[in-house]
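Here is a briefing on one structure.

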Amino acid sequence: MLSPAVTGESQLVSLDSTNQPGGSGSPLFGLNQQALAARMAAIGEPGWRGKQLTEAIYRQRLTDLNEITTLPKPLRRRIAAEGWQVGRPSIVQVFQSVDGTERYLVKAGEQTVETVWMPEGDDGEAGDGSDSTDSRVPQVSTLRPGITIKLGAPDPSHLGTRDSDESQPGTGHHSTGAVGGNRFRATICVSSQVGCAVNCQFCLTAKLGLQRNLTAGEIAGQVISVFDRHAVEVGRDRVNLVFMGMGEPFLNFANFMAAVRLLVEEVGLSPRRMTVSTSGIVPGIERFAQESPEVRPKLAISLNAPNDRIREEIMPINRKWPIEAVMDAVRQVQLRPRERITFEYVLLAGITDQPEHAREVARLVRRTGLPAKVNLIAWNPGPGIAYTMPQPEAVEKFRATLAGEGIPTYLRKPRGRDIYAACGQLKRTVEG
Ligand code: SF4
């Protein structure tokens with residue numbers, strides 16, 4: 001059954017409205033420099049105070065108005081008295097996996113959403129064009145199983161995987177601090193909605209239904225809170241963002257793109273290190289195609305099936321926008337040099353993991369005429385979902401068949417299965 005939220009164009013539009021806060025007691029986090037300058041101007045302060053606020057909130061990552069020492073003390077007191085607050089979403093609970101992955105519950109209003117930190121990426125979507133992690137990155141090894149922590153400093157062994165010098169293979173080491181010149185690499189998986197309306201049959205988040213859209217501040221705030229926890233230094237550390245957490249970003253398009261703009265323009269991240277995944281919301285892809293390459297992340301299509309018949313079964317959204325309609329929309333995106341479209345493909349035992357499916361996917365990808373690659377994901381089990389994990393031999397055969405057909409193919413490493421952090425497993429398991 002299609003969820004009512006995705007059955008009609010009008011409902012798509014209603015899901016798409018921005019819900020940026022505006023009142024004086026609303027969070028500053030989520031507003032761009034222009035909006036912060038306007039807030040300052042409204043109380044008779046010069047516009048450049050907006051730049052000071054931007055610097056403090058997004059670059060210095062300050063969360064308390066009183067810490068913003070670039071603002072005169074009387075002004076800090078005044079705006080605090082008027083109810084101004086930074087209001088950045090905060091991490092309220094941490095689940096640590098044996099493989100170093102961390103899953104967070106991040107407070108968004110009265111609810112929580114989930115964000116995932118993967119210390120060496122997942123071999124599927126590096127987000128920066130490098131396709132997979134490279135051999136220079138050592139494995140994290142000294143981890144404790146299934147730890148849940150309430151609000152705390154990160155375990156030093158989880159801080160991520162640092163490369164001491166990218167030009168010297170094999171010299172990586174773990175570090176607990178921001179050692180000069182060192183860098184580490186990781187991927188953060190970000191949520192765009194509380195729950196999801198799309199109802200993919202293999203996905204745990206779908207069980208929640210759509211509860212609400214996240215604001216731009218709540219989306220960008222997940223990233224900055226995780227940066228803070230791991231002392232990420234923008235410009236030095238190599239952190240990729242994938243908008244593949246809870247929700248369908250293109251059903252919250254305006255807020256999603258506003259968050260991306262904040263992350264690019266105010267935080268200083270590169271859109272080439274960001275990838276957004278959509279289940280195939282055609283009007284969203286068409287809008288995405290209009291975005292400037294200066295801010296547009298890379299695009300991944302959650303394909304998951306070799307043809308419309310199977311895709312309709314596992315992704316009811318396909319009845320509204322079948323594969324060819326999605327491909328037509330994707331062709332409108334002007335790719336940057338060397339950029340490729342990613343097709344994500346979840347392997348479900350006996351349903352999508354057969355060699356003939358791989359050959360069909362190869363034909364389909366070739367027919368698009370687009371520079372593309374395929375990321376394979378062996379399905380991650382979740383409670384109450386009646387699919388079966390594919391056998392390792394079936395996964396390898398599928399990968400080899402697709403690669404043999406000349407399609408660049410990557411097998412995504414399962415991350416954080418024990419803490420329900422892997423693809424399709426995100427669901428609020430603990431109320432924030
Ligand atoms: S896979 Fe993505 S689009 Fe599909 S239900 Fe889950 S969160 Fe929504």
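Two strands pair if DSSP finds at least two bridges between them. Strands (E, at least two residues) and helices (H or I, at least four) are DSSP runs, numbered from the N terminus. The model is predicted: local features need pLDDT of at least 70, side-chain atom pairs count only at pLDDT 80 or more, and totals for chains, interfaces and linings use all residues. Residues are numbered from 1 along each chain as its sequence is written.

**Strands**
- Strand β1 (residues 91-96) runs antiparallel to β2, joined by five bridges.
- Phe 95 has Arg 103 of β2 as its bridge partner.
- Five residues lie between the strands of the β1 and β2 hairpin, where Gly 100 takes a positive phi near 95 degrees.
- Seven bridges pair β2 with strand β3 (residues 111-118), also in the antiparallel sense.
- Two residues separate β2 and β3 in their hairpin, and Gly 109 in the turn has a positive phi of about 65 degrees.

**Loop residue**
- Glu 67 sits in the loop between α3 (48-59) and α4 (73-81).
- The C-alpha atoms of Glu 67 and Ala 56 are separated by 8.7 Å.

**Helix pair**
- The axes (lines fitted to C-alpha atoms over the stretch in contact, with angles from 0 to 180 degrees between N-to-C directions) of α10 (residues 355-368) and α11 (residues 392-404) come within 9 Å and cross at roughly 30 degrees.
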